[in-house]
Amino acid sequence: MVTIADVAAAAGVSRATVSRVMNGRSTVDPAISARVQEAAIELNYRPSNVARSLSLGRTTTVALVVPDLGNPVFQRVLGGVTSAAAEDGYRVLVADAAEDPGQEAAIARDARQRCDALILMAPRMPDAVLAGLLPDVEPAVVINRELASSSVPTLVVDYADATVQVLEHLVELGHRRVAYLAGPPAAASDAARRRGIAAVRQEHPDLEVTVLPAGADIEAGHAAAGPVLASRVTAVVAFNDLVSFGLLAALNEAGVAVPADISVAGFDDIELARYATPALTTVAVPQVDLGRHAWRELHAVIDDSAQPATTTRFGAQLQVRASTGPVPPRVARAAVQEPDRRPEDAGAAQDAARPEQVPTWTTEGGAVVLHRALDHVALARYEPGTSLPTIHSPRPYLHPLHTLAGVPLTDVSPVDHRHHYGVSMAVPDVNGTSHWGGRTFVADVGPTLLPNHGRQTSTHTVVDALSPHVLLDTVLWSDEHGAPQLEERRRVGARLLGDDGWVLEWRSTLHAAHGPLEIRSPATNGRPGAGYGGVFWRLPVATSTRVLSAAGEGEGLAHGSASPWVAFVQRHSDHQGGERATTLLLTQTSPARHWFLRAAEYPGACPALAWDTPLLVPAGGTVETGVVAALLDRELDAAEAAELATGLR
């Protein structure tokens, strides 16, 4: 390796002269300096950084201490510092304080001992600790923390004004009940946001802002969904975009539409904000410019220790995107509506069918699968539902159910209603417990997330030994505290229906074995027309969906009717760019009930247990319900549907 002595010998000068030239000293004669540089180039000499640091008394490195390097904002600021420092021959080392204010000062001192200067990014330590630290670590710059009196330059984002911008935006949209998901208590920017809240409330006395503790990461936002929905606000302002992301995910899981049901906004405008679902309204902060300016201030102090301290303020700009919208109308709308479904029996006719026409249930893993006996094609799958989220009211369900040609006619946890699960016994109110999932309709309030989600547990699932096309299940319904409410005896049978269809029959008996039952629906609780609750069939969204019933064609004629049958005629896109036609024909077992049915918002239906009056079941009493469904690989018209329905019943 070429040394400084080799360069000195080649240039005919002393090693001290070479050192002075390499370190940029101006005391060397220009001709001698040129000779040294030519020798260094010819020998491909590379100066030693360690030796140079010892000579100059500098490392040409600076340290940046951040509360959490996982935060994309701090990463962008780091990028700005790094690029600007590199232009001046400096490198940046990073220390992560892991959101621990107690260790932050010690980490900063340790970092400063290894570098020429220090940048503190949004320090969380108390004011007194910060005031005692700064004289020990100068030269330094502080970002996002105002100092009462110090010789250290500071850079501050005006988060108070940023908060005013986002709240004024929400007020213009009609929102008057807003939640603020607060950041870490030690964060100065959190205090600035609260000052902005106070300023807006002075201008708008009718504005209510509920402050909810959260944090600074995605998990904090996800955990805040329950308190947010319990507060019944119409909009949320999160501490930062990461918290917003976590909240958006939790709201999606709960079946809450953004912004139709609740608006969400954040701060910082990190790169992923525009790609969120929906795109996030946020307040943009000049993150890279913040880092570059921090370096310019620090470099000035390094070169001139007498450089006067300054405070530089950065503005923020509201970015309106799809996550905020007008305040939802105070009519009770079902963003978490779930269709209901009725079980029907198909056993007797099945038993007389030829063996090759009889589908059979078999246990596969933790589920029970229905196969067409002739070719063993899977037609249906019965899941225990034990792993469903509590907020979805865990219950056994059927999914997927296919036509003989393989077209699925059920959907699970769709985007529009995350708590819809294929075909299941879903009832929104059993003695106050939700076996439907999602939100509960509360009179004069609307759909509200309550901690009232029950659980249905299969206690004895067997395939009938004499009739393998019949699945028998005993299901225990428990309330949100785990106390038993009722016992259900469930029978699910199947049979083929010619070459292009098959029949599913579901029959349930609800037994009030643990005391009297009061089964209610949103309709009985004050929401007209929302009488869902029973055996609910959720279909997938298709290219087109038509509804037929004995009253004629259209959702409006079928919904709320006592028609002996209803049919969903759908067209589905296939992988080759074509379409396939299907019909799902539903009939009821006795007693006849009103149909709850949706087609425009989403396709689903059930015979309603409590259409407009509560269903009261005395202790020891029973309730019968069920549906018979024909799944066909063709379109039926009204006359064909009526004829087929007569045969099914």
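Reader: How do the residues of the lining of the second largest cavity divide by class?

Author: This is a predicted model, where local features need pLDDT of at least 70, side-chain atom pairs count only at pLDDT 80 or more, and totals for chains, interfaces and linings use all residues. Residues are numbered from 1 along each chain as its sequence is written, and side-chain values use heavy atoms, with hydrogens and water left out. A cavity is a set of points on a 1 Å grid over the protein atoms alone where a 1.4 Å probe fits but cannot get out, and lining residues have an atom within 4 Å of a point. With Ala, Val, Leu, Ile, Met, Phe, Trp, Tyr, Cys and Pro taken as nonpolar, Asp, Glu, Lys and Arg as charged, and the others, Gly among them, as polar, the lining divides into 5 nonpolar, 4 polar and 2 charged.

Reader: Which strands each supply at least two residues of that lining?

Author: The lining includes Pro428, Asp429, Thr440 and Phe441. Strands are DSSP runs (E, at least two residues) and helices are runs of H or I (at least four), numbered from the N terminus. The strands asked for are strand 17 (423–430) and strand 19 (440–442).

Reader: What is the volume of the largest cavity?

Author: A volume is the space filled by probe spheres set on the points, which are joined across faces, edges and corners. For the largest cavity it is about 140 Å³.

Reader: Which helix gives the most to the lining of the largest cavity?

Author: Helix 5 (72–87), helix 9 (188–203) and helix 13 (287–303) each supply at least two residues. The most, 3 residues, comes from helix 5.

Methods: 1 Å grid on protein atoms, 1.4 Å probe; cavity = no way out; pocket = protein on both sides within 12 Å on 5 of 7 lines; lining within 4 Å.
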